[in-house]
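Hi,

Here's the structure I promised to pass on to you. Have a look at it first, and then read my notes below.

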Amino acid sequence: MQLHATTIALGNAGLLILGGAGSGKSSLALQLMAVGALLVADDRTDLSRAGGAIVASCPPALLGRIEARGIGILSVVPAGPVGIAQIVDLSAGPEDRLPQSRIYDVLGVGLPLVTHRYQPHLYAALRQLLLGGRVA
């Protein structure tokens with residue numbers, strides 16, 4: 001399965017970034033890369049199921065490339081496939097200040113979902129979510 005999405009890896013945790021064209025997927029990925037994340041795929045992500053996990057990888061034609069709006073296509077050292085730990089959808093804002101946990105189904109596997117429009121601080125919150133999780 002292929003989605004119009006960008007994916008980064010922070011350690012062994014993958015973040016799948018969804019959103020329409022111009023929603024900030026690549027910008028968010030670049031910010032996360034600036035604080036230690038690695039790029040798996042920009043713009044399109046291949047997803048497959050491995051047991052109870054969803055694994056993201058990059059289509060070969062896009063490997064090691066990310067678009068920086070207004071600058072061009074940049075070369076990066078690509079990360080290998082990664083298991084998706086979290087999904088963020090930039091096409092919708094949060095409904096509440098402290099929203100309830102949400103799930104996004106990918107190939108029959110429910111993955112944690114955050115909905116939030118792109119904002120400059122979002123990368124820091126998502127980095128911490130990947131590293132430390134959410135308090136119930």
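The protein chain averages a pLDDT of 92, and 95% of the residues score at least 70. Keep in mind that this is a predicted model. If you go element by element, strand β4 (residues 38–41) comes out with the highest mean pLDDT, 98, while strand β10 (residues 102–106) has the lowest, 89.

Now for the annotation. UniProt, in an unreviewed entry, lists residues 2–77 as "domain: HPr kinase/phosphorylase C-terminal".

Next, go back to β10. It runs antiparallel to strand β11 (residues 109–115), and five bridges join the two.

You'll find aspartate 89 in strand β9 (residues 82–89). So what is the nearest side chain of opposite charge to aspartate 89, and how far away is it? It's arginine 102, at 7.6 Å. A salt bridge needs the charged atoms within 4 Å, and aspartate 89 has none, although it is buried. What it does have is a polar contact of 2.5 Å, side chain to side chain, with serine 91.

Happy browsing!

Technical notes. Residues are numbered from 1 along each chain as its sequence is written. This is a predicted model: local features need pLDDT of at least 70, side-chain atom pairs count only at pLDDT 80 or more; totals for chains, interfaces and linings use all residues. Side-chain values use heavy atoms; hydrogens and water are left out. UniProt positions are given in the numbering used here, feature names are shortened, and annotations may be inferred rather than shown by experiment. pLDDT is the predictor's confidence in each residue, from 0 to 100. Helices (H or I, at least four residues) and strands (E, at least two) are DSSP runs, numbered from the N terminus. Two strands pair if DSSP finds at least two bridges between them. Buried means under 20% relative accessible area, exposed over 50%, partly exposed in between (1.4 Å probe, protein chains only). Lys and Arg count as positive and Asp and Glu as negative; His and the chain ends are not counted. A polar contact is a pair of N or O atoms within 3.5 Å; within protein, one must be able to donate a hydrogen and the other to accept it, and residues adjacent in sequence count only if both atoms are side-chain atoms.
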